Amino acid sequence: MTTDNRTPFETFLAGHDEDDWAKIVRDLLPSIHEVDRNATEIWFAFFPLALHRAFEQSDDAEALAAKLLMQGRWRLRDQIDASHSFFYGHRFWPDVRAAVAELASASDAPPNLVLVSQIRETAGRVAAARQVEQSLTIGIAAVAFMTLRQVGLEAFKSAPGTVSIDKKHLRLSPEDVLRERAKDDRQGLFGFLRTEDKRWTVVWDERDEERRFKVLHMQEVASGAATDKRPWHEVDTRCTVNEGPIPVQCRSASCGTCWVGVLGGAEKLTEVAARERRKMPEFGYVDTDEPSPLIRLSCQAQAAGALSIVIPPWNGVFGKYLKRLDESGGDGGGARASEAGA
């Protein structure tokens, strides 16, 4: 359980629940540049406030993590400067972080604060200082405010606040990135006549030319990843030897380890089928009726074109727990009682 020694601005942030943040993100999305619009939705799915609050309210966080089968790096405080590396706006993180830290450190919170306005204003100040469009800083600004909410001001300010982007990728314009995401592999002179032997590139880290693999036409993305026999298990301990860079423990949507975010090409994946749609809310990743959402189980989604994806740094099974927690009124008591009687 946490103790409350928050600054006035932290207290202001703590007054916004999951529904408030969902509305804020919806309000902001139209004004976020296309290059980071999907990334923003993906990030908020990767680091949901509801899951953070469950740990915040827990008497034994380690026991809860074990119960929810949490694997990998799910604590945002361990990746304050890196969780958003798949954003184009990642390059503006040092400026955004400094601006948000300054705002949150004030001894008094200004009256009549509106969070969505504070995000826009902060993004505007950074954009003006960097001489870029504000649309490029809004998404990363929203991330900064949510990161502050989850890790606290002390940890937020203590992080180095630095990013590392090579010169080649730093020179890319947002339009360059969007063009690259939209590009499909050439299939040869008579490629339009072939179907079975078409191959598509799946990029899983746009910053690294080595982090990509091929998937056959209409092959599950996780199966395509398994053809990449490089030792990715040495990079991510959740990965299995010879199974590629996407963690996977099954091929039937039963484990939830293979979830991914789709930066580009969501429409090139098969629509969500019944089992994937049923299991995703159980895992806690997403609950939507959209046929082509940005969060997918890669063992179920089949590719009909090139993709740009993001592999989350963690996985777990927490949807049912959060539902019980919500039904209990948010104090965790009802959920713990349900577990004890299960």
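Here are some notes on one helix and several salt bridges in this predicted model.

1. Ground rules. Residue numbers start from 1 along each chain as its sequence is written, and side-chain values use heavy atoms, with hydrogens and water left out. Since the model is predicted, local features need pLDDT of at least 70 and side-chain atom pairs count only at pLDDT 80 or more, while totals for chains, interfaces and linings use all residues.

2. Helix α14. Have a look at residues 319–327, which make up α14 (helices are DSSP runs of H or I, at least four residues, and strands are runs of E, at least two, numbered from the N terminus). Its buried residues are Gly319, Tyr321, Leu322 and Leu325; buried means under 20% relative accessible area, exposed over 50%, and partly exposed in between, with a 1.4 Å probe and protein chains only.

3. Turned away from the buried side are the exposed residues Lys320, Lys323 and Glu327. After the helix comes Gly329, with a positive phi near 100 degrees.

4. Salt bridges overall. The model has 21 of them, counting a side-chain nitrogen of Lys or Arg within 4 Å of a carboxyl oxygen of Asp or Glu.

5. A pair inside α11. Asp176 and Arg179 form a salt bridge, at 2.5 Å from N to O. Both belong to helix α11 (residues 174–182), where being three residues apart separates them by about one helical turn. Asp176 is partly exposed at 27% relative accessible area, and Arg179 is exposed at 52%.

6. A pair between α11 and a loop. Glu206 and Arg181 also meet in a salt bridge, at 2.7 Å from N to O. Glu206 lies in the loop between β2 (199–203) and β3 (212–216) and Arg181 in helix α11, so this contact ties together parts that are 25 residues apart in sequence. Glu206 is partly exposed, with a relative accessible area of 24%, whereas Arg181 is buried, at 9%.

7. Asp205 pairs with Arg211, with 3.5 Å between the closest N and O atoms. Asp205 counts as buried, at 10% relative accessibility.
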